[in-house]
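Here is a short note to read beside the model. Please keep the sequence and the 3D view open as you go through the points.

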Amino acid sequence: MQEPFIHLFSCSTGKYLYDVNSDTILKISDESNEILKNNGTFNSQLEQLKKMGFLKKNKVQISEHPAGVLLPEFYKNGLRGLTLQVTQNCNLRCSYCVYSGQYDTRVHSNKKMNFELAKKGIDYLLAHSQETQELRIGFYGGEPLLEFPLIEQCVNYMNQHANGKKIHYYVTTNATLLNENITQFLVKHNFSLTISFDGPKEIHDSQRKFVNSNDGSFDIVIKRLNYLRKNYHDYLVKQASVNIVLNPSNAYKFISDFFMQEEVFQEIHVVATLISDTGKKEKYEISSLFKEEYYYEYFKLLMSALGRLNPRFVSPIMKTEFNTLCQVRGGKQQNGTNILPPKWHHGGPCIPGERTIFLNADGVFYPCERVCENPEVASIGDVERGIDIDRAISMLNVERQTSDMCHNCWAYQYCDFCIRMAGQEKNSLKDNVISTCNYMRKNTENLFKDYCVLKELGYDFETNYNKGVM
C-alpha cells in the first residue's frame, strides 16, 4: 500500500504530522504517530483526518514551473528593475566577501562600467517595461560609490527618460566614501541606502579592512552613521538599513550587546545574516558558544512574540528572524485542504529578473545580483542581444536537475534552491542542488517546531502572520 505523503516530527509540545498535499501541520496522538511510522492500520483519529481530506498520497509527476508561460510577455513589456554593477573594485578587502578569493566564484578586479554600457542597460529596461509604472534602479559593486560620477549620470539620464514612471533608487555601500556631497544626492533622490556594518570595533575591524592596509573601517563608518542620524534623521529612519554579516566563530552576545547599546541602531532597520558558505573553499565552523548565545536571544524573541517579554530586551539583530517564521507558516492553516498538481515546481526559483535584472561590468545579464557570475549556466543574456528566454525558462525549471528526488521530498513546497546556489564551476548544478538538500530540510523542520510551540502557547499565526513581532 502506498503511504500517505507526510512528514512526522515531534517537539516539546507533542507529536505532529506535516501533510504535504494540504501544506498543513496537524497534532496527532502517540498512537497515531506509531501507526504512521510503521505503516499500520489507521485508528479513529487517522480515519477522521482521511475523511477531512488529509493523508493523500499524491505527488508531483512532472517538473514544470507554472510561470514559464508568462516569460515571453514579461520580458517584452513587464521588466521592473535593473541593478548595475558599476565596478568590481572596492576600497576594502573584507575577509568574507565573495570577491575575496576565498570562494570559487568572483574576485576583485579593476573592471568598471562606463556610461555607454549603463545607458544601454537603462534603455533596455525602459524599452521592456511598458506595462510597469514603477521601476527600480540599483547600484552595486564592489564598492559602488567609487564610481559616484557614473551613478549621478545614470540617475540624471533615468529621470530624463522615464516618461513619468516612478523610480526607486537603491545602493549598497560600505559607507567609507559617504561624504556630504554624496549624502545630499542620495537624500535628494530618495535612495534606499544599505550600509554594511559588522558590530563592535574589534570584530568589524578584523573583518572589514582597507585595501593594502591593516586598518579597519569601524571608526569612519560609525562616524558616518551618527552624522546621518544628526543631520538627516528622517532619511536615516525611513530609507536606510544596516546589513550585518555574522561570523559564527565570534561570540554572538558580544555582537548583539553592541547593537542593543548603540543608540543609532535603535532607530534604523537592521538585518543580520551568517557568512555565506556557497562556493566557499573552506567552510566556516559554528562555535558552540555562538550557538548557545544565538538560541538564548532567539528564545527571548519568541517570548516577546507571546507578549511575555518587552521587545526592548530583544536584540535588533534578532528581530528579523521572526519575520522568517511568519513568512514560512503564517496563514497556512487557513488555506484548507488541497492536492499537489501532477505538473508543478518547488518554490525556490523566482522568475529570473522578476524584481530586478543584474547587468555586470561586462554587459552580461543575470537574474539578480546574488547570482555568481562565473558559471555559464547562470547568465540569461547580454545587453546587446537581450534576454535569452530559453535560458530563463531552463533556470526557472531548475528542479528538472533532480526531479525524482524533489517529487519524493516532504519539504518540496519549502525548497529555496535557485540558480544563486550554483556557485562552484567544479561542481555540476545537480551536485550543488543535492549538497543543500539536507540543510534545507533540517531548517524547515526546525521552523515547523518553533511554529508548533508558539501556536500551542497562544500565538495566532492566522491573523498576526503579516504583522511581524515588534
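1. **Surface.** Accessible areas here come from the Shrake-Rupley method with a 1.4 Å probe, and for residues only the protein chains shown count as cover. On that basis the protein exposes about 22,100 Å². Carbon and sulfur atoms supply 48% of that area.

2. **Ground rules.** This is a predicted model, in which local features need pLDDT of at least 70, side-chain atom pairs count only at pLDDT 80 or more, and totals for chains, interfaces and linings use all residues. Residues are numbered from 1 along each chain as its sequence is written, and side-chain values use heavy atoms, with hydrogens and water left out.

3. **Overall build.** The protein has 16 helices and 17 strands. Both are DSSP runs numbered from the N terminus: helices are H or I with at least four residues, strands are E with at least two. The radius of gyration is 24 Å, close to the 23 Å that the globule rule gives for 470 residues, so the protein is as compact as a globular protein of that length. That radius is taken over C-alpha atoms, and the rule is 2.2 Å times the number of residues to the power 0.38. Along its principal axes the C-alpha trace spans about 75 × 50 × 45 Å.

4. **Packing.** Of the 470 residues, 52% count as buried. Buried means under 20% relative accessible area, exposed means over 50%, and partly exposed is in between (1.4 Å probe, protein chains only). Now take contacts, meaning heavy atoms within 4.5 Å. Among those between residues at least 6 apart in sequence, 72% join residues at least 24 apart.

5. **Charge.** There are 53 positive and 54 negative side chains. Lys and Arg count as positive, Asp and Glu as negative; His and the chain ends are not counted. Each charge is placed at NZ of Lys, CZ of Arg, CG of Asp or CD of Glu. The centres of the two sets lie 2 Å apart.

6. **Domains.** Domain 1 covers 6–57 and domain 2 covers 68–334. These bounds come from an automatic or database domain assignment. Over C-alpha atoms, the two domain centres are separated by 42 Å.

7. **Helix α12.** Which residues of this helix (319–329) are buried? They are Thr320, Phe322, Leu325, Cys326, Val328 and Arg329. Phenylalanine 322 counts as buried because its relative accessibility is 0%. Its C-alpha atom is 35 Å from that of glutamate 47, 275 residues away along the chain. Threonine 324 is also in α12. At 35% relative accessibility, threonine 324 counts as partly exposed. Threonine 324 and leucine 447 are 123 residues apart in sequence, yet 8.8 Å apart in space, C-alpha to C-alpha. After α12 comes glycine 331, with a positive phi near 80°.

8. **Backbone points to check.** Most residues other than glycine have a negative phi, and most peptide bonds are trans. Alanine 175 has a positive phi, near 75°. Alanine 175 sits in the loop between β8 (166–173) and α6 (180–188), and counts as buried at 0% relative accessibility. Asparagine 212 has a positive phi of about 55°. Asparagine 212 is in the loop between β10 (208–210) and α8 (218–231), and counts as exposed at 79%. The peptide bond from glycine 141 to glycine 142 is cis, with omega near 10°. Glycine 142 lies in the loop between β7 (134–140) and α5 (148–161).
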